[in-house]
Amino acid sequence: MKKSDKTELTVSKIIEAALSEFGKNGYSGGTVNNICKTGINKGLLYHNFSGKDDLYLACLGTSCQKLIHHIQKQDITEHPESYLAARMDAFALYPDEAHILFEALLSPPVHLTEETASALSEFNKLNEQMARKILNSVTLRDTVAKEDAISYFHMMQTMFNCYFSSPAFSNAALEEKIKLHEKILPQLLDFMLYGIAEGEN
């Protein structure tokens, strides 16, 4: 086996073990020692990753790639329900990766805020692509430009995620946050697109 192939295999095994550790215990509860208890050589781990932070960010990047790849393979139409169903299917298939993604979205390690935001950029791009697809299928009011509507989507997405990062959910488990987040999201999108008040005749 070539040295490069052996290194790639080693990194893959480390990432696999770390995905399980961070997926189940989060950043704060996850430890390098626990990862090494799965049979990972600590020396090899530190040879390939500078430490816990580096490994966590690598896991976040891998999680985003897996989830995005699975979602993009689905038959997604311009209807929000099809995109949300594809998301839920991906989250169910990759629960550890989903937990890592949502922790980074809702309560990232404070000292890694910028790094996690950067790692999440591809997932946010996917959300924007879907928002544009939805907007292309509806008729906007004459006073609403498409790019303003996209900015509105971004703002609401940020506010929605911040709501789940607020003290109201300080005692909620991550799994509970994820379920509620995805349960409320369809209604939020419906309100955003069609409003909440009956139009005047």
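1. Basis. The model is predicted: local features need pLDDT of at least 70, side-chain atom pairs count only at pLDDT 80 or more, and totals for chains, interfaces and linings use all residues. Residues are numbered from 1 along each chain as its sequence is written, and side-chain values use heavy atoms, with hydrogens and water left out.

2. Overall make-up. The protein has 10 helices and zero strands; helices (H or I, at least four residues) and strands (E, at least two) are DSSP runs, numbered from the N terminus. The C-alpha trace spans about 70 × 40 × 25 Å along its principal axes. Of the 201 residues, 39% count as buried, where buried means under 20% relative accessible area, exposed over 50% and partly exposed in between (1.4 Å probe, protein chains only).

3. Contacts and surface. A contact means heavy atoms within 4.5 Å. Among contacts between residues at least 6 apart in sequence, 66% join residues at least 24 apart. The accessible surface comes to about 12000 Å², and 53% of it belongs to carbon and sulfur atoms; these areas come from the Shrake-Rupley method with a 1.4 Å probe, and for residues only the protein chains shown count as cover.

4. Charge. There are 19 positive and 26 negative side chains. Lys and Arg count as positive and Asp and Glu as negative, while His and the chain ends are not counted. The centres of the two sets lie 9 Å apart, with each charge placed at NZ of Lys, CZ of Arg, CG of Asp or CD of Glu.

5. Helix α9. This helix covers residues 146–164 and reaches 27 Å from its first C-alpha to its last, close to the 27 Å expected at 1.5 Å a residue; the expected span is 1.5 Å times one less than the number of residues. Its buried residues are A149, I150, F153, M156, F160, N161 and F164. Seen down the axis of α9, they fall within an arc of 130°, so they line one face of the helix; the arc is that of the directions from the helix axis to the C-beta atoms. An α-helix has 3.6 residues a turn, so residues three or four places apart point the same way. The cover over the buried residues of α9 includes α6 (95–106), α8 (121–136) and α10 (174–194).

6. Helix α6. With 12 residues, α6 reaches 16 Å between its first and last C-alpha. Since 11 of the 12 residues are buried, α6 is largely enclosed by the rest of the structure. Among them are the charged D96, E97 and E103.

7. Helix α8 and N127. Helix α8 has 16 residues and reaches 22 Å from its first C-alpha to its last. Its buried residues include F123, L126, M130 and I134, and what covers the buried residues of α8 includes α4 (52–73), α5 (80–93), α6, α9 and α10. N127 lies in this helix and is buried, with a relative accessible area of 13%. Leaving out residues up to four places away in sequence, N127 touches Y83, R87 and Q157. The C-alpha atoms of N127 and Y83 are separated by 9.2 Å, though the two residues are 44 apart along the chain.

8. G30. Is this loop residue buried or exposed? G30 sits between α1 (3–29) and α2 (32–36) and counts as buried, at 0% relative accessibility. Beyond residues up to four places away in sequence, G30 touches E21, F22, N25 and K52. G30 and A18 are 12 residues apart in sequence and 8.3 Å apart in space, C-alpha to C-alpha.
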